[in-house]
Amino acid sequence: MAEQAPQTGTPILRRATPDDTGAICALLGAAFPDNPKRHPALYRWQYWDNPFGPSSVWLWEDGGAVVCHGATFATPGVLDGRPVRLGHAADSATAASHRRAGLYARLARARYRDSAQLGMAAVLSLPNTNSLPGAVRAGLRPVARATAWVLPLDDAWRAARLRLPRRVAATARAVAARRRRGARGQETAGPPPGLDALWQRSARWWPNGVARHAGWWRWRYAGRPGGRYRYFQARSAGGLRAAAATTVRDDYGGRFLHLLELLADDVPAARSVVAAAVDAAPAAVAATVVALPGSRLAGLAAACGFLRLPRRLEPRPMTLGVVAGSHDVAALARRRWSLSWGDHDHL
């Protein structure tokens with residue numbers, strides 16, 4: 001399928017192939033220098049070698065150059081607790097020379113139609129501020145804005161960032177530390193054994209969203225080229241009671257521990273793996289969690305001593321949107337969705 005754009009008659013909209021990977025990565029790197037998918041190995045892993053199903057990758061080409069790109073990769077998911085294949089729309093980029101020409105909205109519509117034909121029950125997206133209007137015009141329905149949670153680990157950072165007196169900051173840190181007292185979890189060399197059973201018990205709290213079973217952890221973390229992840233577990237009587245995946249990034253004036261995944265049978269188990277992850281990142285000024293309001297993850301974060309970051313202090317908004325695949329978009333938007341940092345594919 002190919003379609004000419006009426007603006008000039010020269011750009012062509014078409015499906016991408018693996019042979020386009022180098023040109024796509026060049027566009028992503030030029031548009032967003034911090035996009036990790038500017039590296040072909042990572043792009044191939046996410047889109048062409050994805051074990052959960054074929055990806056929907058579209059581009060506009062002008063004179064042999066890729067000038068606009070958008071793609072959807074497959075993920076394991078659940079809708080109302082039932083296993084489905086979901087899509088995740090990501091890596092939208094338009095060359096500076098072709099912006100404000102309506103290319104992206106037309107590409108997005110083609111990508112969403114194609115995703116449904118590929119068997120994706122719904123497509124999720126975390127559009128940035130620039131791409132959100134075009135995504136909405138193409139059919140994206142905003143569901144909820146994620147909330148950021150922080151566990152400050154450094155009094156000076158807490159005082160400066162949250163604008164608290166140093167003494168108050170120290171007291172608040174001590175209160176949060178008391179919530180993490182007790183048994184510590186253990187670090188593991190890879191995704192901990194028993195994830196499938198833990199996910200089966202946890203799935204009732206995650207009725208709509210990515211299915212965070214062992215296959216997801218193996219692909220998303222252990223199999224990601226160049227990934228720098230650490231894994232933590234809490235076990236009881238030989239069974240896995242909690243698991244976490246983390247990464248550390250330098251950003252916003254400090255080093256932050258991102259809890260990418262956190263599954264737990266109960267609050268004590270969650271506290272034990274959070275405490276182990278914090279112990280393993282002594283240079284971090286804070287740990288962070290992102291969650292939708294009212295979700296299981298938001299509740300676990302609060303119980304582990306995380307503080308909800310005021311909207312005025314959030315570094316950038318994160319809005320979850322959904323596009324209909326084989327389901328009605330209005331009904332999809334009314335569902336209770338969940339997400340975590342692990343859904344942010346740049347981390």
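**View 1. Strand E5 (82-94), helix H3 (103-117) and helix H4 (132-137) each supply at least two residues of the lining of the second largest pocket.** Helices (H or I, at least four residues) and strands (E, at least two) are DSSP runs, numbered from the N terminus. This is a predicted model, where local features need pLDDT of at least 70 and side-chain atom pairs count only at pLDDT 80 or more, while totals for chains, interfaces and linings use all residues. Residues are numbered from 1 along each chain as its sequence is written, and side-chain values use heavy atoms, with hydrogens and water left out. The pocket has a volume of about 540 Å³. Its lining comprises 19 residues, with Thr-94, Arg-99, Arg-100, Tyr-104 and Asn-130 nearest the centre. A pocket is an open set of points on a 1 Å grid over the protein atoms alone, with protein on both sides within 12 Å along at least five of seven lines; lining residues have an atom within 4 Å of a point.

**View 2. Here is the one cavity of 30 Å³ or more.** A cavity is a set of grid points where a 1.4 Å probe fits but cannot get out. The volume, the space filled by probe spheres set on the points, is about 60 Å³ for the largest cavity. Of its 13 lining residues, Phe-73, Trp-216, Gly-342, Asp-343 and Asp-345 are closest to the centre. H2, strand E4 (65-79) and helix H8 (214-222) each give two or more residues to this lining, and H8 gives the most, with three.

**View 3. Helix H1 (residues 21-31) packs against helix H2 (residues 40-48) at an angle of about 110 degrees.** H1 and H2 are therefore roughly perpendicular (65 to 115 degrees).

Methods
Axes are lines fitted to C-alpha atoms, for helices over the stretch in contact, and angles run from 0 to 180 degrees between N-to-C directions. Angles under 35 degrees count as roughly parallel, over 145 as roughly antiparallel, 65 to 115 as roughly perpendicular and the rest as oblique.
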